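Jotting down what I looked up as I go.

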Amino acid sequence: MYQQEYFVLKNSGTYANILETIGLSYVLSRIKQDKCVSIKITDNFSYYTISLSEAVSESDVNTTGYFEGFPYIKYKDDQPPQGVNFIDYDYQKQIKENYRKFVSSTPSPSQQQKEEYQPKPHNYWDLLSNINKLKALSSYKKIFLNIFNNKSFFSELLKSILLLYSNIDDLTDKTQKRLKQIQKKNEELKWDKVNALQLFNPQQGKGVNFPKAAGISMGGMRAFWIKEYLKIIGSYRAMYIKPVKVSNRTWDTKIYVLSPKNIEFEYFNILYEKFKPTVGGNNSLKLDIASILRFCLVFIENLEEYRENVPQFLKTFNPSHYVEGFYVAYLKKLGTSEAVTNLAFIQLPAFINIKTYIDCKDWIEILNNHLTILTKKSIRDAGIGLTILQTYRQFITSGDLFSLLDTMGTYSEFLMQELSKGHYNVFPFSKKIFEKFIKQTKEYYMNTTNKPLNPIFNNEGFKNIAKAIRNSTIVLQYNKHLKELYEPKYGIAQDLKRKSLYKQDLVEYLSEFIASYNVNIARVKERKGKDFVPWANVKQQDIEEIVQLIDEYGSNIIGRLLAAYGYAFDRKEKVAETGEIENPDNDSDTE
């Protein structure tokens with residue numbers, strides 16, 4: 001049991017084993033806390049390995065004093081044991097309620113107002129409230145007291161933990177036998193049996209859930225309390241829980257757990273502590289999207305090389321190389337209780353590769369742009385909004401380029417609808433940032449296109465036709481007086497997506513659009529007179545160049561890129577004949 005590596009089997013298929021791994025890593029860090037020892041977690045497919053830079057010794061364990069892995073929760077008239085660190089549940093509940101009233105009664109509270117409000121809700125209120133809501137408080141306290149009431153035998157309990165995870169095999173029976181032997185020699189050593197808590201074991205709720213069922217019982221499954229002890233420790237260092245709004249009266253629950261892949265335990269803690277408070281919203285799909293985007297942002301912003309303004313990094317960083325993603329459990333509200341209805345895993349994107357300080361700046365811009373657009377309250381989880389969110393989540397988890405282009409194409413339809421209603425707080429994707437995305441992912445998407453995409457955006461024909469699409473759609477929506485001159489076009493994004501399936505269809509559609517666009521310009525010029533300077537025509541050479549691109553890259557790529565890039569717009573850029581575009585900026589719509 002005294003060794004340099006420990007192992008946690010992945011025998012649940014859920015986040016339960018991650019919580020064990022994080023909990024064990026924390027215990028090992030406390031055992032070696034004065035030794036400046038690094039601890040690394042590695043995912044080895046069927047098990048996690050926790051590696052220390054220096055082996056744990058018997059002396060380390062014997063000299064480790066009692067510590068609390070998690071706080072005691074005082075509920076109602078409960079009296080915590082003398083000297084323990086506790087959280088007063090009812091007091092924290094009132095703070096949370098006061099904060100909710102402040103937010104709901106303040107018209108569009110700014111981030112600064114929220115940060116300055118005191119006292120703030122507890123950092124772990126999400127966990128505390130769900131421990132109570134999911135009826136896990138009684139077992140939680142039993143597990144806490146199993147350690148606290150036996151703290152005079154704390155070193156023996158630590159040795160049992162080390163034995164339990166000293167081998168890739170399941171050593172639960174062997175560890176339980178060891179504890180029974182110690183108990184026989186020491187009558188004062190006692191602990192309560194506990195059931196598996198669904199919050200920390202989503203696959204083990206009440207009901208028909210036994211490995212060899214011989215009947216039906218509504219009781220919970222028995223669990224080894226030491227494993228549950230570590231899972232609770234891990235929940236304070238890897239889990240966050242969000243309510244999901246189903247209706248005005250109904251809320252479900254969504255549980256997320258960060259999944260380490262190859263990372264130092266200390267760095268994992270830093271990322272978790274900085275990331276958890278940034279995730280907001282109550283829409284299921286938006287929570288998935290916000291979790292991915294915000295974690296990647298926190299990862300980049302906390303790179304030591306970035307914070308120290310190092311121009312060129314010695315190695316390439318990718319968030320998914322350190323944290324694989326999130327295990328997710330969805331709990332459905334069923335009357336007075338909740339039940340797990342879905343278990344899933346959300347992958348972090350593989351296409352974020354960072355080699356320089358400029359790469360960091362680019363990705364921070366890209367991720368913030370996507371986050372701002374896709375977390376707007378106006379994008380509902382129904383109708384066209386649902387399609388936008390689903391295709392974007394498909395993109396960000398799989399890296400599928402067509403899913404991003406489909407997202408931007410569908411979002412273009414939504415954007416035109418909103419702008420036509422005067423809803424200017426719905427923003428377009430940024431053209432400049434989209435170009436940065438293509439530049440940053442050129443190596444990754446070489447596997448998709450077998451050619452770099454950057455040359456497309458340097459092609460004059462592509463740029464001029466995309467500009468014609470932009471002028472005919474989004475520019476006219478932002479510049480009302482131009483609608484009196486030029487005829488707006490609707491449905492271009494949908495048409496391009498449909499026509500992109502076949503080269504001939506796409507070429508014919510673009511030819512018809514360009515002819516109509518040029519005729520529109522000619523009519524405006526004729527009506528306004530010779531001194532008026534209209535938009536520039538799309539030239540024959542532009543058509544020839546776009547056909548060459550279609551031959552080279554395929555109609556599917558070029559058509560979808562035109563739909564995405566043609567509606568991408570930097571709202572403060574200058575537009576010919578108009579000066580700066582009209583833009584009543586209002587960010588209060590962001591969730």
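This is a predicted model: local features need pLDDT of at least 70, side-chain atom pairs count only at pLDDT 80 or more; totals for chains, interfaces and linings use all residues.

I started with the open sheet: four strands in the order β1-β3-β2-β10, with antiparallel pairing. Strands here are DSSP E runs of at least two residues and helices are H or I runs of at least four, numbered from the N terminus; two strands pair if DSSP finds at least two bridges between them. The edge strands are β1 (5-9) and β10 (262-264), each pairing on one side only. From one strand to the next, the twist averages 20°.

Residues are numbered from 1 along each chain as its sequence is written, and side-chain values use heavy atoms, with hydrogens and water left out.

Next I checked how β10 is held. Three bridges join it to β2 (residues 39-43), running antiparallel, and Thr 42 stands opposite Asn 262 in β10. Helix α10 (residues 265-275) packs on this sheet and touches β2 and β10; contact means heavy atoms within 4.5 Å. The direction of α10 makes about 90° with that of β10, using lines fitted to C-alpha atoms (for helices, over the stretch in contact) and angles from 0 to 180 degrees between N-to-C directions.

Then I moved to β8 (residues 239-245). Five of its seven residues are buried, meaning under 20% relative accessible area (1.4 Å probe, protein chains only). A hairpin of five residues leads from β8 to β9. Seven bridges join β8 to β9 (residues 251-260), antiparallel again, and Ile 241 sits opposite Ile 255 in β9.

Key:
Buried means under 20% relative accessible area, exposed over 50%, partly exposed in between (1.4 Å probe, protein chains only).
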